[in-house]
Amino acid sequence: MKNKVRLLIGIGAALMAMVAVFVLFANGFSQPERGNTFQIMFGASVLHQPAIPLLIVAFSFIVSAIGLGLIASFMPGLISRVLFFLTFGLLVAAGIIFLNTKGIVTKAYGLDALTTSPGLGNLGAGPILSAIFSFIGAVLCLYGTVKKDN
């Protein structure tokens with residue numbers, strides 16, 4: 001693949017991953033008192049909620065994908081394809097984890113999924129948009145993986 005195409009794919013994937021990080025400032029659940037996704041992920045001191053390690057791992061996957069996507073855009077041939085594939089895997093894994101946020105938080109807080117007293121509400125904009133932008137970046141990385149050099 002040409003250098004300009006590889007550069008655009010890498011920057012595009014890194015940009016989508018950056019947007020996936022920034023949308024984590026949106027509400028984590030439909031009830032705003034639960035806080036944004038970062039407060040849910042790292043534990044809100046006001047609500048005495050614990051940190052949730054699996055969501056922190058998903059956040060780390062996205063941050064790692066930003067760096068790998070940028071590095072892959074400057075590497076030649078097979079090296080860039082391998083790095084794009086690793087970035088693809090990280091972004092897909094993070095997207096899947098963020099889509100399962102409600103179940104993960106329910107288990108971490110010790111709530112029963114069927115009979116929650118205050119309830120978590122529906123999944124908010126933060127995890128949903130983060131998963132969507134992670135998947136868009138993953139599709140770009142998949143194109144960088146399967147596109148062969150000329």
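**A friendly note on helices and aromatic rings**

1. Let's start with Phe133, which counts as partly exposed because its relative accessibility is 22%. (Buried means under 20% relative accessible area, exposed over 50%, and partly exposed in between, with a 1.4 Å probe and protein chains only.) Please keep in mind that this is a predicted model, where local features need pLDDT of at least 70, side-chain atom pairs count only at pLDDT 80 or more, and totals for chains, interfaces and linings use all residues. Residues are numbered from 1 along each chain as its sequence is written, and side-chain values use heavy atoms, with hydrogens and water left out.

2. Where is Phe133 found? Phe133 is in helix α6, residues 125-146. (Helices are DSSP runs of H or I with at least four residues, numbered from the N terminus.) Leaving aside neighbours within four places in sequence, Phe133 is in contact with Met16, Val19, Ala20 and Val23. (Contact means heavy atoms within 4.5 Å.) Phe133 and Met18 are 115 residues apart in sequence, yet their C-alpha atoms are 8.8 Å apart in space.

3. Ser130 also lies in helix α6. Is Ser130 buried or exposed? Ser130 has a relative accessible area of 0%, so it is buried. Beyond its neighbours within four places in sequence, Ser130 is in contact with Ala20, Val23, Leu24, Ile62 and Phe98.

4. Now look at helix α1, residues 3-22: its 20 residues should span 28 Å at 1.5 Å a residue, and its end C-alpha atoms are 28 Å apart, which agrees. (The expected span is 1.5 Å times one less than the number of residues.) The buried residues of α1 include Arg6, Ile9, Met16 and Ala20. What do the buried residues of α1 pack against? Their partners are α2 (37-42), α3 (53-74), α4 (77-99) and α6.

5. Finally, the aromatic rings. Rings of Phe, Tyr and Trp (its six-membered ring) pair if their centres lie within 6.5 Å; planes under 30 degrees apart count as stacked, over 60 as edge-to-face and the rest as tilted. By this rule there are five aromatic pairs. The Phe25 and Phe38 pair is tilted, because the ring centres are 4.7 Å apart and the planes are at 55 degrees. Phe25 lies in the loop between α1 and α2 and Phe38 in helix α2, so the pair ties together parts that are 13 residues apart in sequence. Phe38 is buried, with a relative accessible area of 14%. The rings of Phe38 and Phe42 have centres 6.2 Å apart and planes at 5 degrees, so this pair is stacked. Phe25, Phe38, Phe42 and Phe59 form one aromatic cluster.

Notes. Helices (H or I, at least four residues) and strands (E, at least two) are DSSP runs, numbered from the N terminus.
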